[in-house]
Amino acid sequence: MNEENIYILKDGVVKVSVFMLDGREFNITYLKGFDVISMLKDAVNKSDFSSLLIRVESDEASFYRIPKELFMGFVKENPKLREYVN
């Protein structure tokens, strides 16, 4: 994923997991419908995991791609969105 963008799951189901440094896969969650995926990637980058894996589990999934700078502007201006992100 390009780190200059925020990816938001519009619809579908995705499995989010991480690969631990010893090579094992650890499942974090399943996301369905509208959810921010890139925020999880940012959290993983600051942890002891080697990488984030996002796998589509439904027949199809669609995403919004928003420039990170624009998204953070929306977060600043909207208290409900800021609460959701925090």
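User: Which side chains meet K15 and E25 in a salt bridge, and how is such a feature read?

Analyst: A salt bridge is a side-chain nitrogen of Lys or Arg within 4 Å of a carboxyl oxygen of Asp or Glu. Here the side chains of K15 and E25 themselves form one, at 3.5 Å from N to O. Because K15 lies in strand 2 and E25 in strand 3, the pair ties together parts that are ten residues apart in sequence. The model is a predicted one, in which local features need pLDDT of at least 70 and side-chain atom pairs count only at pLDDT 80 or more, while totals for chains, interfaces and linings use all residues. Residues are numbered from 1 along each chain as its sequence is written, and side-chain values use heavy atoms, with hydrogens and water left out.

User: Is K15 buried or exposed?

Analyst: The classes rest on relative accessible area: buried is under 20%, exposed is over 50%, and partly exposed lies in between (1.4 Å probe, protein chains only). K15 counts as buried, at 7%, whereas E25 is partly exposed, at 36%.

User: What else does the side chain of K15 touch?

Analyst: A polar contact is a pair of N or O atoms within 3.5 Å; within protein, one must be able to donate a hydrogen and the other to accept it, and residues adjacent in sequence count only if both atoms are side-chain atoms. The side chain of K15 makes one with the side chain of N27, at 3.4 Å. Contact in general means heavy atoms within 4.5 Å. Beyond its neighbours within four places in sequence, K15 has contacts that include T29, Y30, L53 and I54.

User: How many bridges join strand 2 to strand 3?

Analyst: Strands (E, at least two residues) and helices (H or I, at least four) are DSSP runs numbered from the N terminus, and two strands pair if DSSP finds at least two bridges between them. Seven bridges join strand 2 (residues 13-20) to strand 3 (residues 25-32), and the two run antiparallel. S17 has N27 as its bridge partner in strand 3. The two strands form a hairpin with four residues between them, and G23 in the turn has a positive phi of about 95°.

User: How many salt bridges does a search of the whole structure find?

Analyst: The search finds three. D22 forms one with R24, the closest N and O atoms being 2.8 Å apart; D22 is exposed at 52%, and R24 is partly exposed at 49%. E57 and R55 also meet through their side chains, at 2.8 Å from N to O. E57 is partly exposed at 38%, as is R55 at 37%.
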